[in-house]
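This briefing is meant to be read beside the sequence and the coordinates. Please keep both in view while going through the topics below.

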Amino acid sequence: MTTADATPHSGDLPKDDLADLDFAAGDERRIKLVPTLRDVAIVSLISIPIQMLATDLSVIDIVIGLAVLYVMCIGGLLLTKYVPLKLPSVAWISLVAILLTLPMLPWSATILPLVSGIDFLALAVPPLAYAGFAISRMELDVMRRSGWKILIIAFLVFTGTYVGSALIAEITLRITG
């Protein structure tokens, strides 16, 4: 037996289970503004009846509040696309929203009352529902290939997150009285 016989050929190597899946690194600077803004507008429209159920605001107040939040999203998406600093769009949108609502800045007295009544937990309903429907074949393939071990990991992560959050809340409540 020679070394050549013991060396596996490329066809003999075990195939990586995830090698055929496409994990392309996304560059948010390539974001397409028009479709993204259209999608945010659709989520905003879907959020109107949800806000009506979740808050005591009038339809006009809800529409104005969501429009202000939409403008904040536009600003954050424009910064994502054109500023050379690579931050995710959610970070840029958050920065825009924070800068527009800081209490010490003069325009916050105008903007803050417009968005203060919007229930942000209710705003999460449409994107979370879409995320549930948008599970692709790739995610299902990864889950299938991971097997039963992923259930144990998911259980541990969910439990740890819950216990950690409860612990932080308990400590905070004890400190603040």
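What percentage of the 177 residues of the protein chain count as buried? In this predicted model, 17% of the residues of the protein chain fall into that class. The secondary structure comes to nine helices and zero strands, and among contacts between residues at least 6 apart in sequence, 68% join residues at least 24 apart.

**Overall fold**

- Followed along the sequence, the protein chain shows the pattern α-α-α-α-α-α-α-α-α.
- Helix 9 covers residues 149–176, and its 28 residues should span 40 Å at 1.5 Å a residue, which agrees with the separation of 40 Å between its end C-alpha atoms.

**Packing of helix 3 and helix 5**

- Helix 3 (residues 59–82) and helix 5 (residues 108–115) have axes that come within 8 Å of each other and cross at roughly 120°.
- Because angles of 65 to 115 degrees count as roughly perpendicular and only those over 145 as roughly antiparallel, helix 3 and helix 5 are oblique to each other.
- On the helix 3 side the contact is made by Asp61, Ile64, Gly65, Val68, Leu69 and Met72, which meet Ile111, Leu114 and Val115 of helix 5.
- Sorted by class, this contact of helix 3 with helix 5 holds seven nonpolar residues, one polar residue and one charged residue.

**The largest nonpolar core**

- The largest nonpolar core has 11 residues in all, namely Ile48, Ile62, Leu66, Val68, Leu69, Met72, Val96, Ile111, Val115, Ile118 and Leu123.
- Helix 3 and helix 5 are the elements that give two or more residues to this core, and helix 3 gives the most, with five residues.
- Leu69, a member of this core, touches Val115, Ile118, Phe120 and Leu123 when residues up to four places away in sequence are not counted.

- Leu123 is placed in helix 6, which covers residues 120–123.
- With a relative accessible area of 18%, Leu123 is buried, because the cut-off for that class is under 20%.
- Apart from neighbours within four places in sequence, Leu123 is in contact with Ser47, Gln51, Leu66, Leu69 and Ile118.
- Although Leu123 and Ile50 are 73 residues apart along the chain, their C-alpha atoms are separated by 7.8 Å.

- Val63 and Ile48 are 15 residues apart in sequence, and the distance from C-alpha to C-alpha is 7.0 Å.
- Ile48 itself belongs to the largest nonpolar core.

Key
Residues are numbered from 1 along each chain as its sequence is written. This is a predicted model: local features need pLDDT of at least 70, side-chain atom pairs count only at pLDDT 80 or more; totals for chains, interfaces and linings use all residues. Side-chain values use heavy atoms; hydrogens and water are left out. Axes are lines fitted to C-alpha atoms, for helices over the stretch in contact, and angles run from 0 to 180 degrees between N-to-C directions. Helices (H or I, at least four residues) and strands (E, at least two) are DSSP runs, numbered from the N terminus. Angles under 35 degrees count as roughly parallel, over 145 as roughly antiparallel, 65 to 115 as roughly perpendicular and the rest as oblique. Contact means heavy atoms within 4.5 Å. Ala, Val, Leu, Ile, Met, Phe, Trp, Tyr, Cys and Pro count as nonpolar, Asp, Glu, Lys and Arg as charged, and the others, Gly among them, as polar. The expected span of a helix is 1.5 Å times one less than its number of residues. A nonpolar core is a set of buried Ala, Val, Leu, Ile, Met, Phe, Trp, Tyr and Cys residues joined through side-chain atoms within 4.5 Å. Buried means under 20% relative accessible area, exposed over 50%, partly exposed in between (1.4 Å probe, protein chains only).
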